[in-house]
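Please keep the sequence and the 3D view open while reading.

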4 protein chains.
Amino acid sequence: MTTVDAKEQAMYRDFAQESLVPLWTQVDDLMPATPRPAAAAHVWRWARLRELAGHAGDLVPVGRGGERRAIALANPGLGGAPFATPTLWAAIQYLNPGEDAPVHRHSQHAFRFVVEGEGVWTVVDGDPVAMRRGDLLLTPGWRFHGHHNQSDTPMAWLDGLDIPFAAALDATFFEFGPDAVSDRGTPDRSRSERLWAHPGLRPVSRPERTASSPIAAYRWADTDAALADQLALETEGYPGVVEPGHAAVRFSNPTTGGDVLPTIRAELHRLRAGTLTAARREVGSAVWQVFDGSGTVQVDSRGWTIGRGDLVVVPSWAPMHLRADTDLDLFRFSDAPIFERLYADRAAPA
Amino acid sequence: MTTVDAKEQAMYRDFAQESLVPLWTQVDDLMPATPRPAAAAHVWRWARLRELAGHAGDLVPVGRGGERRAIALANPGLGGAPFATPTLWAAIQYLNPGEDAPVHRHSQHAFRFVVEGEGVWTVVDGDPVAMRRGDLLLTPGWRFHGHHNQSDTPMAWLDGLDIPFAAALDATFFEFGPDAVSDRGTPDRSRSERLWAHPGLRPVSRPERTASSPIAAYRWADTDAALADQLALETEGYPGVVEPGHAAVRFSNPTTGGDVLPTIRAELHRLRAGTLTAARREVGSAVWQVFDGSGTVQVDSRGWTIGRGDLVVVPSWAPMHLRADTDLDLFRFSDAPIFERLYADRAAPA
Amino acid sequence: MTTVDAKEQAMYRDFAQESLVPLWTQVDDLMPATPRPAAAAHVWRWARLRELAGHAGDLVPVGRGGERRAIALANPGLGGAPFATPTLWAAIQYLNPGEDAPVHRHSQHAFRFVVEGEGVWTVVDGDPVAMRRGDLLLTPGWRFHGHHNQSDTPMAWLDGLDIPFAAALDATFFEFGPDAVSDRGTPDRSRSERLWAHPGLRPVSRPERTASSPIAAYRWADTDAALADQLALETEGYPGVVEPGHAAVRFSNPTTGGDVLPTIRAELHRLRAGTLTAARREVGSAVWQVFDGSGTVQVDSRGWTIGRGDLVVVPSWAPMHLRADTDLDLFRFSDAPIFERLYADRAAPA
Amino acid sequence: MTTVDAKEQAMYRDFAQESLVPLWTQVDDLMPATPRPAAAAHVWRWARLRELAGHAGDLVPVGRGGERRAIALANPGLGGAPFATPTLWAAIQYLNPGEDAPVHRHSQHAFRFVVEGEGVWTVVDGDPVAMRRGDLLLTPGWRFHGHHNQSDTPMAWLDGLDIPFAAALDATFFEFGPDAVSDRGTPDRSRSERLWAHPGLRPVSRPERTASSPIAAYRWADTDAALADQLALETEGYPGVVEPGHAAVRFSNPTTGGDVLPTIRAELHRLRAGTLTAARREVGSAVWQVFDGSGTVQVDSRGWTIGRGDLVVVPSWAPMHLRADTDLDLFRFSDAPIFERLYADRAAPA
């Protein structure tokens, strides 16, 4: 479109006036050969997040209206929106001793992953769920939930939700519950776990398939054992790991075998010290958080050393690999179920 | 957050510097009680679209690079992007006599709906598919396709795709094919129809379930007959219509019974003259095009009279109803499969 | 087990007394290397069936108690039981002018296939369905149904059910309805067809998946056209046929794309004159009926010439092939869905 | 059919000669109002089974040809066939110290449930699986498997298979493997458990859905804990049990949430002392084995007191209830998946 004469100019003015846009001036941006995400690869440091969350803990009350003392990763490529990726929200949430985060529910699906600390219970539809280092806690959409810190120290953790995806699709519903959680009990295990967190066993009274997992908490002891078993099998010469030196488990819905939430996949990866993973790209975005150990992550042409708590955002189709300097455990969540359910998933070596 | 002292100001500066955004200042926008779409209800007039497309036909060549002479509805609420809704692309495409739209393929799913004219064949993976008034033509993702006008008059039609959705999710792949379509045959029926468009029958040689429908064209004669049958059943006192005076068929994938494309639902609605439909809202957005007759559409608090070819965009959760001044046929497409596959569909009377 | 001493004899007596049977004396019969069906390959001649059914029409009334004037193929290998195969019932049913077969319902799934004649309506849950040469009519389990002959000539047709399967599994329920059908209308098309028998279209008012097809009749004109299209595509050099000279369509459930009934597959096969099909075996049993033309069928080591109306039973895993002396159309039904749904299907060239 | 004259007699002779059977003389037996199983309710005593299996252990070698020293429950209503019900095989298998049951595979699905003892490893596709009291071991169809007793005492257990179902449907395939198991290791946990028996976790390297569960052994400690949790929840006032005083878990396939085997459901039930279960009937047959405690079972009009190891067969649609004299644990297996997958399941209070 190098020369544009008067008639054409008039036509383009008409287009604009009629709320029309021609494809031929946009096609390169709309239909690139492979994804060209606006979202950037980026790393946030846990130490700094923790420090800033502490300041917020000193200065900003938590309560009805603000709802949560959560501070979201705002991808530098996404224009200041509080979105880690176009589909995923990731935030540090912080609760002082004795504080309550008020009860509400929303259509967005949520989880919490605990990289350090304990002492908070999240109460999901009346079921108190203890939060402790290494645990993955679920709050599927439209369940009332609140949090309360029963300990004498602050606690901070990672919140993951599909807020950006729901916002992009105009599919958000929200409702306040009672200000305080109804059950202030502090049981070691939630009732959901007592019913559902037994390997390969399900209650006969609950034969249905559910959209989200009925297990409210996946405990670190189980996750750790599963990862250790995979590496031991590898040592003995048997299959199970994803690639040499790289074990990984996916948190799953025991009523279907599928992902824990309709829009979010959650996994824990363990690399032996010295492991270099194969570079790989996939459609859809992911957030990684180091749980233990240290290493290097490379996304596109950029590399970062990472350690406990650090968060890495990987945009769609960006080549990514990891190197473990020590034994290295990483939590990962992604929007993969969206693509798989819509037959749009793709992955490739990079 | 009525008073903000210096410490807080510093904290917010720190947040910004670290690419962080607090939830408590954003929660109202991010998590409204019900969807608050930026997209607006809007109507585009076919006569004007046709006129402007004709200008483009005079001034802008179609060919490799621009790919298609397509002019997209740009929702006034979406900041100038060529998106009818946050998920759906709708455009008028225009091809002069003897012209070819070059062969390409993309991961986005596409269809064409023909409100007037004939004479173009769309060639999908080598299978020429005639386009005629009332037909719905499918081009599922990643199939090579081009168009060629074999007639001596221009032809214009509606293109529908999930371009905005794929763009929002960074899931776009594109590839050029040969510049010209390989098969310039002009058969009355495509090979796909000869294999698949027989009621309740499928070829034994093709037992698989496919993500998209294998039927390349749904012909008006069939659609019209199905709608007429529903209204006749209603007259005889039997069920079948959606509500009194309102017949509707959904185009479906014969290998699954589901929607024709993984992300797009397509339907044809027929109202008897005088019918007033019940107001209703649903999660997800839709585009309607009048196929025949005239009436009124009301979306939110706005109303428009509409006639042949006019296009109406209905944002998520907006209450909507129709009134038929004459017998009124409307084509409708929406993003409903996305929500249903992710267990996020909701609908309610309004 | 060649020598059996006194202690062993006592042990075997003890087994018998305690209702016990050892595996080691039975394993060869229970667990053969490949299926060893008791059912035999066999052919029944339509002319003879028609003649005997006529005798029954003269001598045996149809009415409550006997329920149907149906005469079942009793596989010679199955000890006199009225079972074509271990899972499938096949019978000729015969109705004199003016006769009614009384209304009942049962958990067993049924269909009718019409090799000749017309004039009977089967009324399924109040919906009258015309029966004409070439049509496949469905009566899914637990639907009330009766038949009435409105013509002035007798009519005979093939009934297919899963009676032996339901009997073997003790899963049979039965209930009488009113003695006479409620709707004596004689419409050309049933209401079910008017709602559902449009290619790739389904009523928006009925979005559910159903266990059985909602189409009560698959009409010959559609089946014939689909088969003709496959052979024409083959002539033009395009895929679609099962093998050279051999077209085939499967009757399917438009709400799922699956088989018409949960336990029964139904197909129509068309061979060009001179075609010899590849010999093939599959787990599960089938019944074929010649619809038109003549040829030869070979099952295991036995061969038969077959013509219009003749019925052939093919036991599980028996090698089978066909030769068409003229253009040859055959209806086929089998128990394949049982095996596929239980992951037990197997097939192989023979 | 009260009077039968000469013509009719001739007609019935013709039917017989032509391998035909009329429906009207059979309909009462073929199509009863509700299932009329030939199989009878029956109880076998474990002490007696154990004693007779011991005799077989003294007199009958185990090895190639006989394949297994298994003694099957032969339902008194089923004419001497080694079938507990029309679909289910149940046998006591017995292995002396040092003995090997040779390696083979078959299309029939199998499990073992251990009511007492230990010391045998079953080796499934090369993976040694320890057998101990309370464990459920799976051998899905077509997996090579053998058993070897590494201890210095005999061991006996319950084998469950779908042999009668596969026999009825002529769907049996069988193949010999090497005479001796390849891996004589005696690990505490199988490799399958190390990969798969972690609650809600699955290996990322194995994303597929499988027809049968990949968990080779469900261990008593897990089952016991799940049942204890349900009863504790009941005590605390929360849902989870099937009915008052009656906890139950279903063994499930973690890749789908469905049953462990395509044709067999397996459950463990726990009744508090004094519990009387509601009488209930369901389509399909079941076998129960007392694992611990004592009580009474009532099937149809018959009642039996039962204790550890005793086996109860419940035919289709027979009303059944239990009374627990002590705390009572029972293993149960049934053919329910067959009916559910074919949409033929029914259940009702009785």
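β1(C) pairs with strand β3 (residues 70-73) of chain D in the antiparallel sense, over 3 bridges. C:Leu20 has D:Leu73 in β3(D) as its bridge partner. The model is a predicted one.

- D:Glu67 sits in the loop between α3 and β3 of chain D.
- D:Glu67 is not a glycine, yet its phi is positive, at about 75 degrees.
- Most residues other than glycine have a negative phi.

**A second sheet, in chain D**

- 5 strands of chain D form an open sheet in the order β8-β7-β10-β5-β12.
- The pairing in this 5-strand sheet is antiparallel.
- Its edge strands are β8 (127-132) and β12 (174-176) of chain D, and each pairs on one side only.
- From one strand to the next, the twist averages 25 degrees.
- Strand β7 (residues 118-124) of chain D is joined to β8(D) by 5 bridges, and the two run antiparallel.
- D:Trp121 stands opposite D:Ala130 in β8(D).

**Helix α3 of chain A against helix α1 of chain B**

- The axes of α3 (residues 46-59) of chain A and α1 (residues 6-17) of chain B come within 10 Å.
- These two axes cross at roughly 150 degrees.
- That angle makes α3(A) roughly antiparallel to α1(B).
- The crossing of α3(A) past α1(B) is left-handed.
- α3(A) makes the contact with A:Arg48, A:Leu52, A:His55, A:Ala56 and A:Leu59.
- α1(B) meets them with B:Lys7, B:Glu8, B:Met11, B:Asp14 and B:Phe15.
- By class, this contact of α3(A) with α1(B) holds 5 nonpolar, 1 polar and 4 charged residues.

**Helix α1 of chain A against helix α3 of chain B**

- α1 (residues 6-17) of chain A packs with α3 (residues 46-59) of chain B at an angle of about 150 degrees.
- The axes of this pair are 10 Å apart.
- That makes α1(A) roughly antiparallel to α3(B).
- α1(A) passes α3(B) in a left-handed crossing.
- From α1(A), the contact residues are A:Lys7, A:Glu8, A:Met11, A:Asp14 and A:Phe15.
- From α3(B), they are B:Arg48, B:Leu52, B:His55, B:Ala56 and B:Leu59.
- The contact of α1(A) with α3(B) divides into 5 nonpolar, 1 polar and 4 charged residues.

**How the chains are arranged**

- Two copies of a chain are related by a rotation about an axis and a shift along it.
- Chain A is superposed on chain B by a rotation of 180 degrees, with 0.0 Å of shift along its axis and an RMSD of 0.0 Å.
- Which residue of chain A comes closest to this rotation axis? A:Arg341 does, with its C-alpha at 3.2 Å.
- 100% of the interface residues of chain A are also interface residues in chain B, so these copies meet through the same surface.
- Chain D can be laid on chain A by a turn of 180 degrees and a shift of 0.0 Å along the axis, with an RMSD of 0.0 Å.
- That is the relation of a two-fold axis.
- The same surface serves both copies, as 100% of the contact residues of chain D recur in chain A.
- No contact joins chain A and chain C, and their closest C-alpha atoms lie 16 Å apart.
- Chain B and chain D do not touch either, with their nearest C-alpha atoms 16 Å apart.

**A loop residue in chain A**

- A:Tyr343 is found in the loop between α7 (336-341) and β24 (347-349) of chain A.
- Phi of A:Tyr343 is positive, near 60 degrees, in a residue other than glycine.

Technical notes: Residues are numbered from 1 along each chain as its sequence is written. Chains are lettered from A and ligands numbered from 1 in the order in which they are written. This is a predicted model: local features need pLDDT of at least 70, side-chain atom pairs count only at pLDDT 80 or more; totals for chains, interfaces and linings use all residues. Side-chain values use heavy atoms; hydrogens and water are left out. Axes are lines fitted to C-alpha atoms, for helices over the stretch in contact, and angles run from 0 to 180 degrees between N-to-C directions. Helices (H or I, at least four residues) and strands (E, at least two) are DSSP runs, numbered from the N terminus. Angles under 35 degrees count as roughly parallel, over 145 as roughly antiparallel, 65 to 115 as roughly perpendicular and the rest as oblique. A crossing is left-handed if the near helix is turned anticlockwise from the far one by less than a right angle, and right-handed if clockwise. Contact means heavy atoms within 4.5 Å. Ala, Val, Leu, Ile, Met, Phe, Trp, Tyr, Cys and Pro count as nonpolar, Asp, Glu, Lys and Arg as charged, and the others, Gly among them, as polar. Copies are superposed by least squares on the C-alpha atoms of residues with pLDDT of at least 70 in both. Two strands pair if DSSP finds at least two bridges between them.
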